[in-house]
Amino acid sequence: MLRIGYGFDVHQFGGCRPLIIGGVNIPCMKGIKAHSDGDVMMHSLIDALLGAACYGDIGSMFPDTDAKYNNIDSRKLLRIAWEKITRQGFLLENIDITVILQVPRINTYIYQMKHHLSQDLNCSVTSINIKATTTDTLGYIGRSEGIACIAVVLLTR
Ligand SMILES: [Zn+2]
């Protein structure tokens with residue numbers, strides 16, 4: 001059985017948190033505003049995985065009203081979610097991720113991001129694709145007010 005999942009997340013610039021995408025701390029003039037570590041890649045990927053497994057969403061699995069999730073490394077959330085999903089017998093087929101941002105350029109960090117995801121999901125880097133695009137200066141992303149990420153996953157059981 002094939003199960004597809006889709007996830008989308010946005011975080012805004014303007015806070016004091018470092019820019020972390022895919023567990024990589026990326027040098028950036030702008031900080032991120034978030035209750036969590038603001039990792040759009042991890043959050044959209046968790047939502048995609050939960051979606052494929054029919055497990056609701058990241059907000060219901062890890063409520064932001066629960067103090068134990070404050071400031072938590074989103075890679076830990078990914079590992080917890082993935083453990084629950086694999087316990088149901090799901091296997092990962094592939095992941096395709098698009099990070100949408102005007103600044104900064106992240107191309108040189110993509111290998112490291114893939115490496116993190118492959119560690120957290122216990123899969124090969126060849127199952128993971130990560131790409132980055134801009135909005136050609138249009139909209140909130142084009143004005144560098146925030147960063148978005150879309151993740152699509154395919155699971156089998
Ligand atoms: Zn988020």
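1. A contact here means that heavy atoms lie within 4.5 Å of each other. In this predicted model, L49 touches L78, W82, I85, L92, L121, V153 and L155, leaving aside residues up to four places away in sequence.

2. L49 also belongs to the largest nonpolar core, which has 45 residues. The residues with the most contacts inside this core are I21, L45, L49 and I97. Among the elements, α1 gives the most to the core, with nine residues.

3. The largest pocket has a volume of about 360 Å³. Its lining consists of 15 residues, and S36, H43, I58, F62 and D64 lie nearest the centre. Two or more lining residues come from each of β1 (2–17), α1 (40–52) and α2 (58–61). β1 gives the most, with three residues. By type, the lining divides into six nonpolar, six polar and three charged residues.

4. Some backbone angles deserve a look. Most residues other than glycine have a negative phi, and most peptide bonds are trans. The bond that joins V103 and P104 is cis, with omega about -15°. P104 sits in the loop between β5 (91–100) and α4 (110–121).

5. C54, in the loop between α1 and α2, has a positive phi, near 60°, although C54 is not glycine. Is C54 buried or exposed? Exposed means over 50% relative accessible area; the value for C54 is 59%, so C54 is exposed.

6. T137 also has a positive phi, near 65°, in a residue other than glycine. T137 is found in the loop between β6 (128–133) and α5 (139–142). With a relative accessible area of 53%, T137 is exposed.

How values were computed: Residues are numbered from 1 along each chain as its sequence is written. This is a predicted model: local features need pLDDT of at least 70, side-chain atom pairs count only at pLDDT 80 or more; totals for chains, interfaces and linings use all residues. Side-chain values use heavy atoms; hydrogens and water are left out. On a 1 Å grid over the protein atoms alone, a cavity is a set of points where a 1.4 Å probe fits but cannot get out, and a pocket is an open set with protein on both sides within 12 Å along at least five of seven lines; lining residues have an atom within 4 Å of a point. Grid points are joined across faces, edges and corners, and a volume is the space filled by probe spheres set on the points. Helices (H or I, at least four residues) and strands (E, at least two) are DSSP runs, numbered from the N terminus. Ala, Val, Leu, Ile, Met, Phe, Trp, Tyr, Cys and Pro count as nonpolar, Asp, Glu, Lys and Arg as charged, and the others, Gly among them, as polar. A nonpolar core is a set of buried Ala, Val, Leu, Ile, Met, Phe, Trp, Tyr and Cys residues joined through side-chain atoms within 4.5 Å. Buried means under 20% relative accessible area, exposed over 50%, partly exposed in between (1.4 Å probe, protein chains only).
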